[in-house]
Amino acid sequence: MQYYADGFHAGDPTVAPVDPSFPPRDDAPEEVDVLIVGTGPAGLVLAAQLSRFPEITTRIVERRPGALQMGQADGIACRTVEMFEAFDLSAQLLSEAYWVNETVFWRPDPADRGRVVRTGRVKDTEDGLSEFPHVIVNQARVHDYLLEAMRRSPSRLAPDYGLEFVSLDRQDGEEYPLEVRLRRVGTSADDLVTVRARYLIGCDGARSAVRKAIGGVLSGDATNHAWGVLDALAVTDFPDIRLKAAIQSGENGNILLIPREGGFLVRLYVDLGEVTAENRDRLRSMSAAEIAEKAAAVMHPYALEVKEVVWSSVYEVAQRLAGSFDDATDAQGEVARIPRVFIAGDACHTHSAKAGQGMNVSMQDAFNLGWKLASVIRGESRHELLSTYSAERLPVARELIEFDREWSELMAGAPFDPAHPERGGVDPTVLQEHFVRQGRYTAGVATRYRPSLLVNDSRHQHLAEGFEIGTRFHSAPVTRVADARTVELGHVAKADGRWRLYAFAGEDEGGFEEFLRRVEESGLTAPGLTAPGLTAPGLSALGLSGRRGAGALDVRGILQRPHPDVDIDRLPPVLRPRVGALDLVDYEKCFTAATRAGGEDIYRARGIDRRAGAAVLVRPDQYVADVIAFDDPTRLTEFFTRFLVGEDADTTQAPDGAIPTAEHEEIHA
């Protein structure tokens, strides 16, 4: 990481200096730009993102009296670890977590169906899928990481605990169009707190009061199948207790076994069978000891002795989804007005826990929304940007529901018995094959956003086939020219709301240099500027226009020749910019493809045309927006003019909250 750009300061460099123009507020502001309800994974990722912008007044409230101590979710997908790297949280996460390296499969012994035997072993994630592993860590610790990131941010943001959402009124045309009423938990119904906000985000769970306030409904079905969940410290002779395991027994149901962090803790998802009107109450009231007894029966002939139960629960699988993730988009996807209220995480999609996707998809919801809110509030982008949140994340949630439905059915199915094929059941081989086939999805890297306001067409995709437009930027190692250090290229992208442009030079660097000259002239990299000849009116008022290195676009160059052959002083100026209050030189903008460790270079690994080169444009949430040919530089500026605010643009909201017709049409172009 880089620091001291504005001058030396003693102490922990990971704690961001406070901007004297926007000092942290100790009070609970009654007028805010953004009010977040709920401190679950989605709410905290959103708060951590917005806390990096001290000029944005953010408040996050939670009905619980304090931070979460024991969470339910535990799986962190590869893609989510990539996101945590953008918040500088991946190192701590990886040091604490259990790394899921392999998954094993157990089935009834054909010679004695009362016993289980191991029948398969696969890599949990395929090689090369991500530079990060799939890991397991308690949800409460994930919250702790994000709360710490908020405390270290320039705004020093902290949650306001003991407050629950009550009601909402929207009055368009006001500076703060949302009037939100909150209540102090444990006090009388009349003890209300009123907050006026520009935007409200409901991250308040499956029973979301914010969703209900905007007329949202979760639709879907329950599967009428129950599972018991047990976090325990246990002693067993089961040989794969420290590997993720899918266990199918002959007559006693199934288990999904997940080792936990710390070396001793284990989570067991135990199949409790079909739920009926007659047994529902009994299943819901099952004790931890009864769940453990059921687990031991599944694992026979292996013994399971539970020494301590850390947490247990019983739940019924249900898959439900909201029709829209904001207060302005109807079920057909039509946007009638500027969205002001959003929902994220369990507030808009619920499903089983066994796919390990709930917390991950929820946090990706928030990462998608956070930078868009910041860009609009700071005056950089038009309001249409906000309508892309529901348009992009709703299809992702639909895919999640369908995946979870199929996976839950497979996990709950009785194993196929060759002696009695008429009984049906799930062939264990099919279960293993399905797991392998869905590896990209469970790793969180299968999401692809369709062409839209923020995702361009594939005209130049052939120049960088491995950076598929609409998918997350797949990092690879490169060597930094200035200090000869091998680094992951994708790790230069931080959660600061900036776009990234990775320019990969061709064999003739002339086209590369000319392209970068045109990019610099466009104004996209200049402080306070957002597009050619366009400025964000709000930035000057916020005192941001004088900041060096704070442009909308962060440019990085990658060369094919060895790093000793590169003369830094002869690089294009955009790759050695002056930054910070002291006008210092940033030496970390240029890389070479060859790494000190050798092996496949990034051009080969990501299918980049060595002769022509290419530029890859990446959104603030790490998704590829476009691949651009060096001889088509206007494509870049044309892309940004779709949504960035012009110098003479009117960024105020229409009195009725409606989006002007021309701008509304642009959303669906």
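**Helix packing and local backbone features**

Apart from its neighbours within four places in sequence, Ala222 touches Val317, Ala318 and Arg320, where contact means heavy atoms within 4.5 Å. This is a predicted model, in which local features need pLDDT of at least 70 and side-chain atom pairs count only at pLDDT 80 or more, while totals for chains, interfaces and linings use all residues. Residues are numbered from 1 along each chain as its sequence is written, and side-chain values use heavy atoms, with hydrogens and water left out. Helices (H or I, at least four residues) and strands (E, at least two) are DSSP runs, numbered from the N terminus.

- Ala222 belongs to strand β12, residues 218–236.
- With a relative accessibility of 34%, Ala222 is partly exposed; buried means under 20% relative accessible area, exposed over 50%, and partly exposed in between (1.4 Å probe, protein chains only).
- From C-alpha to C-alpha, Ala222 and Phe416 are 24 Å apart in space, and they are 194 residues apart in sequence.
- Ala111 sits in the loop between β5 (102–109) and β6 (112–123), and its relative accessibility of 75% makes Ala111 exposed.
- Ala111 and Asp172 are 61 residues apart in sequence, with 71 Å between their C-alpha atoms.

**α1 against α4**

- The axes of α1 and α4 come within 9 Å and cross at roughly 20°; axes are lines fitted to C-alpha atoms, for helices over the stretch in contact, and angles run from 0 to 180 degrees between N-to-C directions.
- α1 is therefore roughly parallel to α4, given that angles under 35 degrees count as roughly parallel, over 145 as roughly antiparallel, 65 to 115 as roughly perpendicular and the rest as oblique.
- α1 and α4 make a left-handed crossing; a crossing is left-handed if the near helix is turned anticlockwise from the far one by less than a right angle, and right-handed if clockwise.
- On the α1 side, Pro41, Leu44, Val45, Ala47 and Ala48 meet Gln139, His143, Leu146, Leu147 and Met150 of α4.
- The residues of this α1 and α4 contact comprise eight nonpolar, two polar and no charged; Ala, Val, Leu, Ile, Met, Phe, Trp, Tyr, Cys and Pro count as nonpolar, Asp, Glu, Lys and Arg as charged, and the others, Gly among them, as polar.

- The crossing of α1 and α8 is right-handed.
- In this contact, α1 contributes residues including Ala42, Val45, Leu46 and Leu50, and α8 contributes residues including Met363, Phe367, Trp371 and Leu373.
- The contact of α1 with α8 divides into 13 nonpolar residues, three polar and no charged.
- α2 packs on α8 at an angle of about 40°, with the axes 10 Å apart, and the pair is therefore oblique.
- The α2 and α8 crossing is left-handed.
- Arg79, Thr80, Met83, Phe84 and Ala86 of α2 meet Asn360, Met363, Gln364 and Phe367 of α8.
- By class, the α2 and α8 contact has five nonpolar, three polar and one charged residue.

**Backbone exceptions**

- Most residues other than glycine have a negative phi, and most peptide bonds are trans.
- The peptide bond from His300 to Pro301 is cis, with omega near 20°, and Pro301 lies in the loop between α7 (288–298) and β16 (304–322).
- Tyr4, in the segment before β1, has a positive phi near 75°.
- Tyr4 is partly exposed, at 29% relative accessible area.
- Asp88, in the loop between α2 and α3 (90–96), has a positive phi of about 60°.
- Asp88 is partly exposed, with a relative accessible area of 41%.

**Ser522**

- Ser522 is in helix α12, residues 509–522, and is buried at 7% relative accessibility.
- A polar atom of the Ser522 side chain lies 2.5 Å from the backbone oxygen of Val519.

Technical notes. Polar contact = N/O pair within 3.5 Å; in protein donor to acceptor, adjacent residues only side chain to side chain.
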